[in-house]
Amino acid sequence: MTEMVEFAKMNGLGNKILVVDMRGRDDRVTPEAAVALAAEAETGFDQIMAIHDPKIDGTDAYIDIINCDGSKAQACGNGTRCVVQALSAETGRKAFTFQTVAGVLNAVEHEDGMISVDMGKPVFEWNRIPLAEEFHDTSRIELQIGPIDDPVLHSPSVASMGNPHAIFWVDRDPMSFDLGRFGPLLENHPMFPEKANITLAQVTGKDCLRTRTWERGAGLTLACGSAACAAGVSAARTGRTVRKVTIDVASSPSRQPLVIEWRERDDHVVMTGPAEWEWSGHLDPVTGAFERDAEAGASAK
Ligand SMILES: N[C@@H](CCC[C@H](N)C(=O)O)C(=O)O
């Protein structure tokens with residue numbers, strides 16, 4: 001049996017996250033372990049954020065992101081805030097620099113416990129999102145679902161935040177759509193060769209949006225941070241909102257919003273929101289076998 005590693009069950013606005021401490025080892029959390037952990041009621045998650053030793057100077061850790069179906073993701077906004085909170089609790093430090101497969105991210109925990117992550121620059125080029133077809137203008141692409149003369153969803157804005165996103169603009173509450181039905185069709189649409197995260201976004205004011213997301217590799221989640229970033233950027237890009245928006249994540253049980261700012265000065269997207277620790281345990285990164293720590297140990301983290 002592999003040596004067990006520490007992990008924490010956390011969430012970002014309800015997005016279920018396992019933060020797994022893989023520092024000091026060369027192996028990875030296997031897709032099989034991810035699928036096994038996802039299948040258990042206690043450890044059911046949307047993403048694993050596996051913290052590895054840094055690979056390059058100037059970074060604190062390399063983060064491997066794994067969806068609950070065992071596939072890899074290039075970005076996870078809510079999970080990154082969870083990693084910051086876990087490392088801040090461990091070290092007392094407030095600022096961190098992480099490397100992911102998509103690049104280097106800076107993050108900081110504020111005095112009030114909110115966490116800001118610099119999610120980098122959005123990408124709009126069709127072949128870098130990627131799309132299967134060339135679109136000169138990706139702020140509105142030809143794609144629809146439902147009857148041809150009366151589509152339920154159509155003309156999404158598309159962008160990459162390291163991972164691919166399609167934002168469908170809706171004029172009523174995103175919770176009133178059957179996203180559980182349309183999500184998988186759109187995630188796997190031939191337009192998206194690497195699949196896509198599918199978000200419904202309702203503009204509720206010049207500086208606010210309400211969103212709901214079907215996640216690639218995870219399905220209906222309670223919240224998705226990188227989707228909120230893509231929605232905020234796409235809303236500003238299309239003139240629907242200003243560049244700093246408050247996102248009410250419709251499906252989130254938390255009533256706290258996410259704040260997304262697409263900074264003019266450097267084109268970077270900064271996401272600010274909470275993270276919450278739930279409990280800690282140990283797991284086998286090869287099989288996914290796990291044990292929950294006793295509460296006393298858990299509260300000491
Ligand atoms: N929940 C995440 C996004 C997760 C990644 C996504 N499922 C993908 O495969 O791209 C977030 O908070 O950003």
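Trainee: How many helices and strands does the protein chain have?
Mentor: The protein chain has five helices and 20 strands. Keep in mind that this is a predicted model.

Trainee: How compact is the protein chain, going by its radius of gyration?
Mentor: The radius of gyration is 19 Å, close to the 19 Å from the globule rule for 301 residues, so the chain is as compact as a globular protein of that length. Its C-alpha trace spans about 60 × 40 × 35 Å along the principal axes.

Trainee: What share of the residues count as buried?
Mentor: Of the 301 residues, 47% count as buried.

Trainee: And what share of the contacts comes from residues 24 or more positions apart?
Mentor: Such pairs make up 65% of the contacts with a separation of 6 or more.

Trainee: Domains next. Where are the bounds?
Mentor: Domain 1 covers 5-120 + 276-300, and domain 2 covers 126-267. Their C-alpha centres lie 24 Å apart. The contact between them takes 21 residues from domain 1 and 20 residues from domain 2.

Trainee: What sort of residues are on the side of domain 1 that touches domain 2?
Mentor: That side of domain 1 has seven nonpolar, twelve polar and two charged residues.

Trainee: Switching to the core. Which residues of the largest nonpolar core touch the most other members?
Mentor: Val19, Val20, Met49 and Ala228 do, in a core of 86 residues. Helix H4 (residues 225-237) gives the largest share of this core, eight residues. Domain 1 and domain 2 each put at least three residues into this core.

Trainee: What does methionine 49 touch, leaving out residues up to four places away in sequence?
Mentor: Methionine 49 touches Ile17, Val19, Ile63, Ile65, Cys76, Gly79, Cys82 and Val83. Val19 is also among the core residues that touch the most other members.

Trainee: Now the ligand. Which residues come nearest?
Mentor: Ala73, Asn78, Asn163, Gly225 and Ser226 come nearest, out of 20 residues around the ligand.

Trainee: Which helices supply at least two residues of the shell?
Mentor: Helix H2 (77-91) and H4 each do. H2 gives the largest share, three residues.

Trainee: How does the shell divide into nonpolar, polar and charged?
Mentor: The shell around the ligand has five nonpolar, twelve polar and three charged residues.

Trainee: Where does the ligand lie relative to the two domains?
Mentor: Both domain 1 and domain 2 give residues to the shell, so the ligand lies between them.

Trainee: A couple of single residues, then. Where is threonine 2?
Mentor: Threonine 2 is in the segment before strand E1 (5-12).

Trainee: How many other C-beta atoms does threonine 2 have within 10 Å?
Mentor: Threonine 2 has 14 other C-beta atoms within 10 Å, so it is partly exposed. Buried would need 20 or more, and exposed 12 or fewer.

Trainee: What is threonine 2 in contact with, apart from its neighbours within four places in sequence?
Mentor: Threonine 2 is in contact with Asp284, Pro285 and Val286. Arginine 292 is 290 residues from threonine 2 in sequence and 17 Å away in space, C-alpha to C-alpha.

Trainee: And tryptophan 169, buried or exposed?
Mentor: Tryptophan 169 has 21 other C-beta atoms within 10 Å, so it is buried. Tryptophan 169 lies in strand E12 (residues 164-170).

Trainee: How far is tryptophan 169 from lysine 206?
Mentor: Tryptophan 169 and lysine 206 are 37 residues apart in sequence and 14 Å apart in space, C-alpha to C-alpha.

Conventions:
Residues are numbered from 1 along each chain as its sequence is written. This is a predicted model: local features need pLDDT of at least 70, side-chain atom pairs count only at pLDDT 80 or more; totals for chains, interfaces and linings use all residues. Domain bounds come from an automatic or database domain assignment. Two residues are in contact if their C-beta atoms, placed from the backbone, lie within 7 Å. Ala, Val, Leu, Ile, Met, Phe, Trp, Tyr, Cys and Pro count as nonpolar, Asp, Glu, Lys and Arg as charged, and the others, Gly among them, as polar. Helices (H or I, at least four residues) and strands (E, at least two) are DSSP runs, numbered from the N terminus. The radius of gyration is taken over C-alpha atoms; the globule rule is 2.2 Å times the number of residues to the power 0.38. A nonpolar core is a set of buried Ala, Val, Leu, Ile, Met, Phe, Trp, Tyr and Cys residues joined through C-beta atoms within 7 Å. A residue is near a molecule or strand if its C-beta atom, placed from the backbone, lies within 6 Å of it.
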